[in-house]
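Welcome! Please take a look at the sequence and structure shown here before reading on.

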Amino acid sequence: MNDMLPLIVPDEDESPAVRRRQARGVSTSNVVVSAHLADNAEVFPQVLALHVEKGATVADLTYGKGVFWKRIPTEDYVLLASDLKVGQCWTELPYENQSVDAVVFDPPYMEGLYRTTKAALAGSGTHAAFQEAYSNSSLQKGKKVRKYHDAVLEAYLSVIPEVKRILRPGGRFIVKCQDEVSANRQKLTHVELIWAYEKQGFYCKDLFVVVRRNAPVISRLLKQEHARKNHSYFLVFQRQDHRPRLDYSNFSGWLRDDIGGGDGTS
Ligand SMILES: C[S@@+](CC[C@H](N)C(=O)[O-])C[C@H]1O[C@@H](n2cnc3c(N)ncnc32)[C@H](O)[C@@H]1O
């Protein structure tokens, strides 16, 4: 990929030309918005439209059934689709260093899907179809993994070395995730990921909320303690670990310093 010809549109505050265009811009309501009562196949094209220029090379590491791509014309992007279901683990990808403009990552996001025995998998029984589509229990055989919600986070972090290797500097890392209640505790996965990925040199440039159209069904409800999740996220990260200091952060410098681990830049 030629760094002189970036396929990703630069940030407004990076480019005086773009800033000038904005100052002279027109009033319109025809804009991409952040929250959608829709499904993934409807929202994903809007994520790409805003953040990944047509013609870009996009590696989808968890292609699954290709739902994300259903409404995207094949000629719009060079899609490199892989998935464990076709024998390609996200920890070992067959692509050259810095060869892709964007990475798409949508791993199983519920702790039950990372449990080691098939009987224990949340997807068994009435959720068999969900399990088939969203998990791959063969990966778990004989492997020591973290438990419960930590297993989810571990999966999300395990992809980072390969993303840093294949994604070009400044490229986009598009991550699908959903918060969950685990062991009766609220786990805000999207917050944890934004924080953890920033430490790896990724700035969360955008966030899309996808709200389910249909009402979730709760089996064996005794007393409800947490609002039932009916939304998930597309997080759009920008790779900036090639820079000596992060250009952008989602956290105020003083806050990161006070909670520890930040370098004070904001
Ligand atoms: C939530 S689904 C992805 C759905 C997909 N975005 C779509 O549009 O159909 C999660 C996918 O992650 C895949 N997966 C699980 N572990 C994997 C791994 N270690 N490497 C690659 N893919 C994996 C599963 O096979 C499954 O297809």
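This is a predicted model: local features need pLDDT of at least 70, side-chain atom pairs count only at pLDDT 80 or more; totals for chains, interfaces and linings use all residues.

Residues are numbered from 1 along each chain as its sequence is written.

The protein chain averages a pLDDT (the predictor's confidence in each residue, from 0 to 100) of 83, and 76% of the residues score at least 70. Two stretches are set out here, with contacts meaning C-beta atoms, placed from the backbone, within 7 Å.

| Residues | pLDDT | Contacts beyond four places in sequence |
|---|---|---|
| residues 1-9 | under 50 | 16 contacts |
| residues 119-127 | under 50 | 21 contacts |

The protein chain has seven helices and nine strands; these are DSSP runs, helices being H or I of at least four residues and strands E of at least two, numbered from the N terminus. Of the 266 residues, 29% are buried, that is, 20 or more other C-beta atoms, placed from the backbone, lie within 10 Å of their own.

Let us start with helix α6, residues 189-199, whose buried residues are T189, H190, L193, I194, Y197 and E198. Seen down the axis of α6, these fall within an arc of 155 degrees, so they line one face of the helix; the arc is that of the directions from the helix axis to the C-beta atoms. An α-helix has 3.6 residues a turn, so residues three or four places apart point the same way. The buried residues of α6 pack against several elements, including α4 (148-158) and β5 (167-177). Just after α6, G201 takes a positive phi of about 95 degrees.

In α4, the buried residues are H149, A151, V152 and A155. They cover an arc of only 155 degrees around the axis, which puts them on the same side of α4. Their packing partners are β6, β7 and α6.

Strand β5 is mostly covered, with nine of its 11 residues buried. Five bridges pair β5 with β4 (residues 100-105) in the parallel sense, where strands pair if DSSP finds at least two bridges between them. On its other listed pairing, β5 runs antiparallel to β9 over six bridges. I174 in β5 stands opposite V104, and its bridge partner in β9 is V236.

Finally, which residues come nearest to the ligand? Of the 18 residues around the ligand, they are T62, G64, V67, L84 and D106, where near means a C-beta atom, placed from the backbone, within 6 Å.

Technical notes
A residue is buried if 20 or more other C-beta atoms lie within 10 Å of its own, exposed if 12 or fewer, and partly exposed in between; C-beta atoms are placed from the backbone.
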